Amino acid sequence: MEAFYNKLIENNKEWVNRNLAKDPEFFTRLADGQEPPLLWIGCSDSRVPANEIIGAAPGEVFVHRNIANMVIHTDISMLSVLDYAVNVLKVKHVIVCGHYGCGGVKAAMGNSHIGLIDNWIRHIKDVYRFHYEELDKIENEKERFNRFVELNVSEQVLDLAKTSIIQNAWKKEQQIHIHGWVYDIHDGLINDLNVTLKDNKSLNEVYQLSI
Ligand code: CO
């Protein structure tokens, strides 16, 4: 246990040296500021490290992660990240990236009481309720689980579009594309769900704000 912990600072020093060997200005440049073109909203799961799986360097991805990559429009942390990404950093893309085998989504399919987290999981259960007709038809549990992961990502893409922040940006004709991806922890590959939103068109009228 101690060995794992002690190794971390050592790893960090090696990482610094590796980067400096490749590019002596690496940290000087990063310290100047950031202009990432991408906001990533992903799951906290330790197996889905945002930068690593898309080969992005430091400075390229602004990241928000929580359990089951949820976009909860009363979550002040998510909203602050989104606001900063859209209005200050002017990101061009927002990617919601879920993953097959997600523990949060799995919990939402079941009835076990875990603790405080039950209240967070409830948001995922709402997604099940919106799509129960499709999901309940899938007899194979693993297939139903996979589809639930995908539908959850699609719903979060829609929920992002509904935020006042994205509504405002689109109204000002700021170009922002919102994408939905699912990462497969079994082979490392990303499945683009092709649910990209670029404007209000596919959003139910009740969610379209006249700003
Ligand atoms: Co997860």
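Axes here are lines fitted to C-alpha atoms, for helices over the stretch in contact, and the angle between two N-to-C directions runs from 0 to 180 degrees. Helices (H or I, at least four residues) and strands (E, at least two) are DSSP runs, numbered from the N terminus. The model you see is predicted, so local features need pLDDT of at least 70 and side-chain atom pairs count only at pLDDT 80 or more, while totals for chains, interfaces and linings use all residues. Residues are numbered from 1 along each chain as its sequence is written, and side-chain values use heavy atoms, with hydrogens and water left out.

Let's start with α6 and α8. Their axes lie 10 Å apart, at an angle of about 105 degrees. The two helices are therefore roughly perpendicular, a word used for angles of 65 to 115 degrees, with under 35 called roughly parallel, over 145 roughly antiparallel and the rest oblique. I124, V127, Y128 and F130 of α6 make the contact with R144, F148, L151, N152, E155 and Q156 of α8; contact means heavy atoms within 4.5 Å.

Now turn to another pair. Helix α4 (residues 76–88) packs with helix α9 (residues 164–171) at about 15 degrees, and their axes are 9 Å apart. These two are therefore roughly parallel. On the α4 side, L79, L82, D83, V86 and N87 meet I165, I166 and A169 of α9.

Which residues of α9 are buried? They are I165, I166, Q167, A169 and W170, where buried means under 20% relative accessible area, exposed over 50% and partly exposed in between (1.4 Å probe, protein chains only). The buried residues of α9 pack against α4, α8 and β4. Just after α9, E173 has a positive phi of about 60 degrees.

Finally, look inside. In soluble globular proteins, nonpolar side chains tend to be buried together. A nonpolar core is a set of buried Ala, Val, Leu, Ile, Met, Phe, Trp, Tyr and Cys residues joined through side-chain atoms within 4.5 Å. The largest one has 45 residues, of which L39 and I178 touch the most other members. Elements that each supply at least two residues of this core include β1 (38–43), α4, α9 and β4 (177–184). The most comes from α8, with eight residues. Leaving aside neighbours within four places in sequence, L39 is in contact with residues including F62, V81, L82 and I95. Apart from this core lies another, of ten residues, among them W40, V48, W181 and Y183.
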